[in-house]
Amino acid sequence: MNELFSLQGRVALVTGGSRGIGRMIAAGFLRQGAKVYISARKAAACDATAAELSALGTCVSLPIDVSSLEGARTLAAAIAEREGSLDILVNNAGAAWGESFETFPETGWDKVMDLNVKAPFFLTQALHDLLKRAASKGRPAKVINIASIDGISVNPWETYSYAASKAGLIHLTKRMALRLAQDNIVVSGIAPGPFASDMNKAARDHADEVAGHVPVGRIGTEEDMSGAAIFLAARSGDFVVGETIVVDGGVTHARG
């Protein structure tokens, strides 16, 4: 059973790894024996998190903005300079935009769609060769896209581009999975519910209130998120192809 969930000897990259869900996943991977690279737009935050997480294992900071094609290729090149192959890619970097229907701007679409949908595709494309080098039928490489329950069911907030982007990412995960399976690369996803993060300030700052809307009566913890990611990244997730696992304490079902 230990081998089933082990990441010993594997190399992982987690985008948006300096905080929130990305940091939770990076910490979990380190505890299971992986060497972890984290990227984020803000260099100081990325460096600080990598230094803190290094207490758990080898964690390396690569502060690069992946919201553009150039940024995705720059990050892929930085990994290639340091590693001959890449076992696990977690596409977690994301953005949100909330504004009323009447005034919702084009920039609120472009920023969110670029980071939430285009970046996972183009970063995976840029890292394709490194992923293939790590992959075999016996131990496939993994790509895990971090979506959201807001891409599955509708919430009360006017986050038009965010909801559309996460729904798109869930479908993109299926399409990518079918193509990359032939290269022994397994693509899957996670749709988180309420976890404390800078993006989900309600869960971060009003956990008790938010917990009242969660069927299990609490918000998600680091263990909840890292456990799901480890399951998909390790041998345990080798046969989960194109699926996006909902990790939300039952919120999606409660929304109806």
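Predicted model: local features only at pLDDT ≥ 70, side-chain atom pairs only at ≥ 80, totals over all residues.

Entry 1: I looked up aspartate 129 first. Its relative accessibility is 47%, so aspartate 129 counts as partly exposed. Its side chain meets that of lysine 132 in a salt bridge, 3.8 Å from N to O. Lysine 132 is at 35%, so I put it down as partly exposed too. Both residues lie in helix H5 (residues 128-134), three residues apart, which I noted as about one turn of the helix.

**Entry 2: other salt bridges.** How many salt bridges does a search of the whole structure find? I got eleven. I checked arginine 218 next. Arginine 218 pairs with aspartate 224, and their closest N and O atoms are 2.7 Å apart. Arginine 218 has 40% relative accessibility and counts as partly exposed. Aspartate 224, at 25%, is partly exposed.

Then I turned to aspartate 238. Is aspartate 238 buried or exposed? At 13% relative accessibility, aspartate 238 counts as buried, because buried means under 20%. Its salt bridge goes to arginine 235, with 3.8 Å between the closest N and O atoms. Arginine 235 is partly exposed at 43%. I also found Lys142 linked with Arg235 and Asp238 in a network of salt bridges.

**Entry 3: helix H1.** I tested the length of H1, residues 20-31. At 1.5 Å a residue, its twelve residues should span 16 Å. The end C-alpha atoms are 17 Å apart, which agrees. I then looked at burial. H1 is mostly covered, with ten of its twelve residues buried. Among them are Gly20, Ile21, Met24, Phe29 and Leu30. Just after H1, I noted that glycine 33 takes a positive phi of about 105°.

**Entry 4: the second largest pocket.** I read off a volume of about 180 Å³ for this pocket. Which elements give two or more residues to its lining? They are helix H4 (106-126) and helix H6 (160-180). H6 gives the largest share, five residues. The lining includes Phe121, Gln125, His128, Arg175 and Arg179. By class, I logged four nonpolar, three polar and two charged residues.

Conventions: Residues numbered from 1 in each chain as written. Heavy atoms only, no water. Helix = DSSP H or I, 4+ residues; strand = E, 2+ residues; numbered from the N terminus. Expected span 1.5 Å × (residues − 1). Buried < 20%, exposed > 50% of the residue type's maximum accessible area, 1.4 Å probe, protein only. 1 Å grid on protein atoms, 1.4 Å probe; cavity = no way out; pocket = protein on both sides within 12 Å on 5 of 7 lines; lining within 4 Å. Points joined across faces, edges and corners; volume = space filled by probe spheres on them. Nonpolar A, V, L, I, M, F, W, Y, C, P; charged D, E, K, R; others polar. Salt bridge = Lys/Arg side-chain N within 4 Å of Asp/Glu carboxyl O.
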